[in-house]
Every structure is written in C-alpha cells, then in structure tokens.
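Here is my notebook from an afternoon with one structure.

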Amino acid sequence: MKKFIVLNFLYFLGVLTFASADSVYDNFVQCFAGAKIPDAQISSIVYSPDNASFAKVLESYIRNRRFNVSTTPKPSIIVTPTTESHVSAAVLCAKKLGVQLKIRSGGHDYEGISYVSTATFVVLDMFNFRSIDVNMTDETAWVQTGAMLGEVYYRIWQKSKVHAYPAGICPTVGVGGHISGAGYGNLLRKYGLTVDHVVDAQIVDANGRILNRETMGEDLFWAIRGGGGASFAVILSYKIKLVPVPPTVTVFRIEKAYDENATDAVFQYQQIVDKMDNDLFIRVLLQPITRNKKRSVRATFIGLFLGDSSRLLPITDSQFPILGLKKSDCQEMPWINSVLFWGNFDNKTSPKALLSRTPDSVNFLKRKSDYVKTPISKSGLESLFTKMVEIGKVGLVFNSYGGRMSEIPATETPFPHRAGNLYKIQYSVNWSEEGEAADKNYMDQIRQLFSFMAPFVSSNPREAYLNYRDLDIGTTDNGKNSYSEGQVYGLKYFKGNFDRLVKIKTAVDPDNVFRNEQSIPTLNFQGRRRSR
C-alpha cells in the first residue's frame, strides 16, 4: 500500500481563479480537470441539481425524513468518488473554493450533518467505497468506509463461523461514521467498542495526501478512532481485528408489562448490569403502550449470551432471578443468526439479507443520549414510567456497560465513557406524520423526557455519545468563537479527551477544512470560516 500520494496540481490550484458568476459545479469540474481526472470520470461522479439522478443519489442514503423535506437545504453538488484520487481532488477543490465538504458513508447521522448544512456545501458520498477484504491468516479485515455493517458481518461469516466484529446491530449503518464515532454493539461487555479493534486506517488528509497509520502518526490515528473522522480527514478504510465467538450463542427476549413486575425487574437489572458475566449483554427497552385500553410502560429485556443456554440459565437464575428466564425462552444459534435476530429479522431469514443496503422503512426521528452511574431507585423508576405515559411516545433503551468496558482506560481512545457507568440511555422517538406541527410535538416530547431525567444521570458534564448525534447539546458556526462553542458539546462527548482532540485538529487541519455543526474546533482562530 502506498504510504502517501500528493497530487501534483497544487500549483494549478494556486493560480486558478474563479469568476463569481460561475457555479460550484462548474468550479469543481474545472478543478477536477486540473487534477488530471478524465472528463468521462468527472461526468460520472459529479452531480449537479440539474442532473436527473441528483435527487435519487441524495435521497438514497437519507435515513431521517426530518432532513428530506422541501425546506431542507440541498448540496450544491454531490461527488461520488470511485478512486482515491477522486477523494483527494474533492478535498483540495473544496479547500480552494472555501466550500464546506460534508462526508457521508451510510447516512445514519441522526441530525443529518453528513448531508445537510445552512452554508454552501458539497456532499462527498462514499458509497462506492465498499470493498471488504477478510484475511483469516491474521484474523483481520480491510473494510472501506462506504460498506454497511451487515455486509461486513456477512463477509466475515463466509470465511469463518467462529469469528465476529464488535459493532452495531443495525445492518444498514455505514462503516465510516460508525467506527469513527466509536461504535458499539452487543459484544460490548465482552470485547469493548468497535474502535478498540481497529489496527490501521487509510485516510485523505486536509492536504490531499493518502496516509496510513504509520504516515499519519499515532495522534491522528488516535483521533479518528472515536473522535469523529469528519473533523480530521476523509476516512477511506479501516483495518479491523476480528474477535472469536463460540459456535453456539444464545438469544432471548422477555417482555414484562407494568403489572408483571416491570419496575422490580428494571431495578434488579441495575444492581447486576455491570457485574454480570462478561459473556452476557442485555438491552432493556422501555416503551409506552396501550394495554386493555389503559396506558402503561412495558419493559423488554433482549439478551445475547456467548454460549449455550445450559451455561446461561445458572447465571440469570443466580444474578437476575426476577427476569424469570427459562429454557423455552432461549434460542440457540450460530453468531450470524443472532445478528439477524437482533436486526429484527424472522428466524427463517437467510444471512444474505444482511447484504441489503436499504432499510425496510425510513421515518422521522429524533435521538438523545445519557449515562447512568448509580441505580435509579424504585420510586424514581415509578416516576419515570408515569412521566413516559404522560408525555406520549418517547421510548428509552438501556445498553449494559461493565465487563471489558470497565477495564479500558478513558484515554485509550477519544471515547471516554468507560469505567463507572452502569448503562447508556438512548432516547428514541419515531413518527410518520408529516408537517411542522408533528415535528414540534415529537421534538418537544423527547426534550421533556430528557429534562425530566437530569437528576438520574451523569452531570458536570452531562455526558453524551457522539454517534447518537444531538444538536440540542450545542453547535458551532466555525467562526471566531468556535473553541468556546465546541467546548459545550465537546466536553459532553469527550470529557477530558476534548483538549487533546483540539490540539490534534489544530496540527493536522489548521484551515478547518473538515468542519461541521459539531466538529472539533481549532485553536487560535485565524479567519477560517470559509463557507460562502
């Protein structure tokens, strides 16, 4: 692999002038031509709004309908690179033009910041970068960032039935955003985060160079493993280390209504969640429901155990007896089938379904996050359930911590939320009704519940998870106050790692080429707000 490539058209960029009347499209085409990219390639990868395929390309990877309405700002152009040189040219041309570059891999950013901006912007859509090269000799894989997690799992399974990768449960999430934002899944307690198993990467930096771990240096390699890749570079691919899984794993799903000891079950879960066997992961869903014409909250416990049920049941019987898990509740299967189970496929679905890059449906949605460090009391849970029913539709997801997560230092990667956490909360609301009234209603609902939860969660800062992107917690306009603005959300996402990220950002991208509404700021602002 080449250690780095520097494009030879820097002189061209230095002398090229752009008439103000020229469109961004014309400027990019001209700039790409100066990069010695053939006209036929330019016409096939650069889309203007006048192109008949523009809307289809843009909408193909929009995963939140909130950002696919008539008033949503649209990019000036979309670039869909197929080679590394295309990516380098896109970075250098955006830098010269002062146009904001938005980088999209799978489009799952909850706030749409990979394809929406209020400034003049270009979308660099990486969906053509989707190769997956699994090497069982050293138990690694090179995975390009436009690949989907489901594709990664399928390609691993083709080579080995006893290997996996500890990433997310949604198969249509793109690799680029998931890994660079830290990433996690139901192997979290056994193996830690997705980024804890990244051993190399290939990027295009702000100077258009193609670099790997050796040539980028350990600081930048640290930053792109959880600090949000789009603040530092365009990530082309990651080299991931596979992890062993047993031939048989066990999954279960137990529902408990409010009148079926749901409160007691959730309370007991909190007592054991960070201490239970590392092979066991339990996710808890709290959902407002209507049952027998009465509104209440249901708790659903979804589990993955790395072993068979004969080993699992003694663990749950002794540590989590109120769950009442029985042999008949357990389904034993190969790991790849557990991926399908967690992805809500039925038990007859072929693993080939993981190759689909299109989700079954796309809704309007909003997400938020929190971390819980001490158990919520029974009375606190009762008040929470009452509030959820009162508010309406918002659900909560508790994701178990402890295990391996408690063993890895908070400074190992930019993601700091390690030891001391019982579980992470995801606030979740989806809706299908169109219009501003519906949007306001559901956004108000989730914000109300978030506000209500303040006494029960982390504070100073109130911690948040980058991949559960939430612009409510702060934004930057990348102007002269970008550092103070960035601190507001940066300390919540990264805690004590924020300042190291800022120093790295300032060193590798002083012109703030890679910027968005929640990017890592540079120090010593020097007029770098370049969007026109």
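Before anything else, I wrote down a definition: two strands pair if DSSP finds at least two bridges between them. I also noted that this is a predicted model.

**Entry 1**

I began with Val 79, which stands opposite Leu 124 in strand 4. Then I looked up the strands around that pair. Strand 2 covers residues 77-79 and strand 4 covers residues 121-125; they pair in the parallel sense over three bridges.

Next I turned to an open sheet of five strands, with the order 5-6-10-8-9 and antiparallel pairing. Here strand 5 and strand 9 (210-212) are the edge strands; each has a single partner strand, so one side of each is left without a neighbour in the sheet. From one strand to the next, the twist averages 10 degrees.

I followed two pairings in this sheet. Strand 8 (residues 198-204) and strand 10 (residues 234-241) run antiparallel and are joined by six bridges. Within that pairing I found Val 204 opposite Val 234 of strand 10. Helix 6 (residues 149-159) packs on the sheet and touches strand 5, strand 6 and strand 10, with a direction that makes about 35 degrees with that of strand 5.

The other pairing is between strand 5 (residues 132-135) and strand 6 (residues 140-144), which run antiparallel and share four bridges. Ile 132 has Val 143 in strand 6 as its bridge partner. How many residues lie between the two strands of this hairpin? I found four residues between strand 5 and strand 6, and Glu 139 in the turn has a positive phi of about 55 degrees.

Asn 261 is not a glycine, yet its phi is positive, near 65 degrees. I located Asn 261 in the loop between strand 12 (249-256) and helix 11 (262-272). Its relative accessibility is 43%, so Asn 261 counts as partly exposed.

Asn 292 is another non-glycine residue with a positive phi, about 55 degrees. The loop that holds Asn 292 runs between strand 13 (280-291) and strand 14 (294-305). Is Asn 292 buried or exposed? Asn 292 is exposed, because its relative accessible area is 74% and the cut-off for exposed is over 50%.

I then checked a peptide bond. The one from Asn 460 to Pro 461 is cis, with omega near 0 degrees. Pro 461 sits in the loop between helix 15 and helix 16 (482-494).

**Entry 1: strand 18 and its partners**

Strand 18 (residues 423-431) is mostly covered, with eight of its nine residues buried. I looked up two partners for strand 18. Strand 16 (residues 364-372) pairs with strand 18 in the antiparallel sense over nine bridges, and there Leu 365 stands opposite Asn 430. Strand 17 (residues 395-400) also pairs with strand 18 in the antiparallel sense, over six bridges. In that pairing, Gly 395 has Ser 428 as its bridge partner.

**Entry 2: two packed helices**

I finished with helix packing. Two packed helices are described by the angle between their axes and the distance between the axes.

Helix 14 (residues 378-391) and helix 15 (residues 436-452) pack at an angle of about 165 degrees, and their axes are 10 Å apart. Therefore helix 14 is roughly antiparallel to helix 15. Their crossing is right-handed.

Which residues make the contact? From helix 14 I listed Ser 383, Leu 384, Lys 387, Met 388 and Ile 391, and from helix 15 Gln 445, Gln 448, Leu 449 and Phe 452. Sorted by type, the contact residues are five nonpolar, three polar and one charged.

Note on methods. Residues numbered from 1 in each chain as written. Predicted model: local features only at pLDDT ≥ 70, side-chain atom pairs only at ≥ 80, totals over all residues. Heavy atoms only, no water. Axes fitted to C-alpha atoms, helices over the stretch in contact; angles between N-to-C directions. Parallel < 35°, antiparallel > 145°, perpendicular 65-115°, else oblique. Left-handed = near helix turned anticlockwise from the far one by under 90°. Contact = heavy atoms within 4.5 Å. Nonpolar A, V, L, I, M, F, W, Y, C, P; charged D, E, K, R; others polar. Buried < 20%, exposed > 50% of the residue type's maximum accessible area, 1.4 Å probe, protein only.
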